[in-house]
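My notes are below, in the order I took them.

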Amino acid sequence: MVSNPVHGLPFLPGTSFKDSTKTAFHRSQTLGYRNGYAIVRRPTVGIGGDRLQFNQLSQAVLDELASKAPVLTYGQPKQAPPADFIPAHVAFDKKVLKFNAYFQEDVPMSTEEQYRIRQVNIYYYLEDDSMSVIEPVVENSGIPQGKLIKRQRLAKNDRGDHYHWKDLNRGINITIYGKTFRVVDCDQFTQVFLESQGIELNPPEKMALDPYTELRKQPLRKYVTPSDFDQLKQFLTFDKQVLRFYAIWDDTDSMYGECRTYIIHYYLMDDTVEIREVHERNDGRDPFPLLMNRQRMPKVLVENAKNFPQCVLEISDQEVLEWYTAKDFIVGKSLTVLGRTFFIYDCDPFTRRYYKEKFGITDLPRIDVNKQEPPPVKQELPPYNGFGLVEDSAQNCFALIPKAPKKDVIKMLVNDNKVLRYLAALESPIPEDKDRRFVFSYFLATDMISIFEPPVRNSGIIGGKYLGRTKVVKPYSTVDNPIYYGPSDFFIGAVIEVFGHRFIILDTDEYVLKYMESNAAQYSPEALASVQKHVRKLEAPASESESKQTEKDPGVQELEALIDTVQNQLKDHSCKDNIREAFQIYDKEASGYVDRDMFFKICESLNVPVDDSLVKERQGLTLLPDWNAVV
């Protein structure tokens, strides 16, 4: 960088030199911050740190610039463009002049008033020079009021001129459609607007009043007849003092009658009586608060006043010999009012103090009028008709839509598919019924019993289902408290009576014996003894057969081998109980033996698996197989 320290010399080669002491040649900073805001400042030094002379103004130059007129430099300023045109409906939008006025209306058909003063408000809308006349609505005036003249431009004369806001002022008369309105005053906005337009307003006037309306505001004249009794003293002494009694009207003797409660108020200030109804929530009655309005109640009428039209005219002292007073209202006594007999059963504390001070009556106890409810009627079930179960029939008496009786679900889940089967005989004097056999099935889950009679060929009796699943009632139980047969009632030798038929238990299956052994506490000693005796009888023939085993011929040995083979195949068979029942059916003599062909025929009918080897062995057997040993 080359600089010329001598200002008088030109900046030419040879007249300048390089300052070797300068090392900084950066430009000065022109931006800065003050109080957090960015500002621009003039540089005072140039590149290399030399002070700048042309950016510094002297005081003389600053004074000259301060006194310099811009007109001499820039010429005359240009005039601003004229303002945009604003139409009247925009400039005067929602600006309305309001004037208070009245007009006089003749009343020819009234003797109380000859004319009527009606006060109105005249509105002038500046946006379109329209006017409207509105009369404030007075409640119960009987005069159509409100908008008398709707908003429109009103004609001022016959030449077609219309009213302008310059024509309106206070203290003038304007005629609109034949009615003359007297303008008396205006609001503050109207006054400011007219004065701003150079219109001098007249002083405001007082609004004229309607003479008939002012007459109605005056208090009515009262005509008071002097009386011997000082009613004013009674009023001042007993003002706001009321006796309160609680009474009932018992109308239960009549059809649809009921006992209703009332409150009787006796006003000491004028000896009047008021009867109020006591309403309860959701009582179904109209909410009329008063049964009898506040009035004096006659106690004794004169003889000629019995036919007095009380519903049209009020009763005066001339028709009444005696009125009801406070001493006629006593707790515990009845009172006849308007043909109804009210019984007073209680009063409030103020009434008790008044009777104690006035009449010396201190004993006014509350009387309990609540009727004791009759004892609840015991619901008795109708007699059992014999159809279905007693529990199912009783559900029709408990609900309109009967529901099934509740069941012991836990018992049903624990004893599901558990059935006790018994062989029984019918006890009957008929000879044909002695050989009939029945299979009783007792279902532990529901305590129901079903009876099945195995069909016997050429017996003349159709076998099959003898009784469907149902609960069987014991013969000595009552209809109201039925007792059903249970598992403990079934044992060998027991007599079961089913709907008039007596059955004797002859035998049980193996599952019943296991159930009795595991639940011995449910059975009586007699039942356990009968089963033990039956088991001993079955074991006795088996011991005799063992003693004769040595004497058996080869055919018997072959038969026993066949039985062992069949028993091994029937270990896992599911219908073992059904096989026993089938053998019992075909063993008519109860000998425990069936012939060879019948044995294999039963096995084939019950889908018992029989190998081909057994069929071949069957052809060489001649003895009768013992079916008890097989199953």
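**Ground rules.** I am reading a predicted model, in which local features need pLDDT of at least 70 and side-chain atom pairs count only at pLDDT 80 or more, while totals for chains, interfaces and linings use all residues. Residues are numbered from 1 along each chain as its sequence is written, and side-chain values use heavy atoms, with hydrogens and water left out.

**Confidence.** I checked pLDDT, the predictor's confidence in each residue on a scale from 0 to 100. The mean for the protein is 82, and 83% of its residues reach 70 or more. Over residues 615-627 the value is below 50, yet this stretch has 40 contacts in the model beyond near neighbours in sequence; a contact here means heavy atoms within 4.5 Å. I remind myself that where pLDDT is low, the predicted coordinates should not be read in detail.

**Glu113.** I found Glu113 in the loop between strand S3 (96-106) and strand S4 (115-125). Helices (H or I, at least four residues) and strands (E, at least two) are DSSP runs, numbered from the N terminus. Is Glu113 buried or exposed? Its relative accessible area is 10%, so Glu113 is buried; the cut-offs are under 20% for buried, over 50% for exposed and in between for partly exposed, with a 1.4 Å probe and protein chains only.

The side chain of Glu113 makes a polar contact of 3.0 Å with the side chain of Arg116. That term takes a pair of N or O atoms within 3.5 Å; within protein, one must be able to donate a hydrogen and the other to accept it, and residues adjacent in sequence count only if both atoms are side-chain atoms. Setting aside neighbours within four places in sequence, I see Glu113 in contact with Val107, Asp210 and Tyr212. Glu113 also belongs to a network of salt bridges that links Glu105, Glu113, Arg116, Arg118 and Glu135.

**Salt bridges.** I used this rule: a side-chain nitrogen of Lys or Arg within 4 Å of a carboxyl oxygen of Asp or Glu. The count comes to 25 salt bridges.

- Glu214 bridges to Lys217, with the closest N and O atoms 3.7 Å apart. The two are 3 residues apart in helix H5 (residues 211-217), so about one helical turn separates them. Glu214 is partly exposed at 30% relative accessibility, whereas Lys217 is exposed at 60%.
- Asp346 bridges to Arg352, where the closest N and O atoms are 2.8 Å apart. Asp346 is buried at 10%, and Arg352 is partly exposed at 28%.
- Lys411 bridges to Asp447, the closest N and O atoms being 2.5 Å apart. This pair links distant parts of the chain, 36 residues apart: Lys411 sits in helix H9 (residues 409-414) and Asp447 in the loop between strand S18 (437-443) and strand S19 (448-453). Lys411 is partly exposed at 28%, and Asp447 is partly exposed at 22%.

**Helix H7.** Which residues of H7 (residues 349-358) are buried? I noted Thr351, Tyr354 and Tyr355. The face turned away from the buried side carries the exposed residues Pro349, Lys356 and Glu357. After H7 comes Gly360, with a positive phi near 75°.

**Aromatic rings.** Rings of Phe, Tyr and Trp (its six-membered ring) pair if their centres lie within 6.5 Å; planes under 30 degrees apart count as stacked, over 60 as edge-to-face and the rest as tilted. I get 21 aromatic pairs by this rule. Phe440 and Phe490 form a tilted pair, 6.2 Å centre to centre with 55° between the planes. Phe440 lies in strand S18 and Phe490 in the loop between strand S20 (464-470) and strand S21 (495-498), so the pair ties together parts 50 residues apart in sequence. Both Phe440 and Phe490 are buried.

The rings of Tyr466 and Phe503 have centres 5.9 Å apart and planes at 80°, so this pair is edge-to-face. Tyr466 is in strand S20 and Phe503 in strand S22 (residues 501-508), 37 residues apart. Tyr466 is partly exposed at 31%, while Phe503 is buried at 0%.
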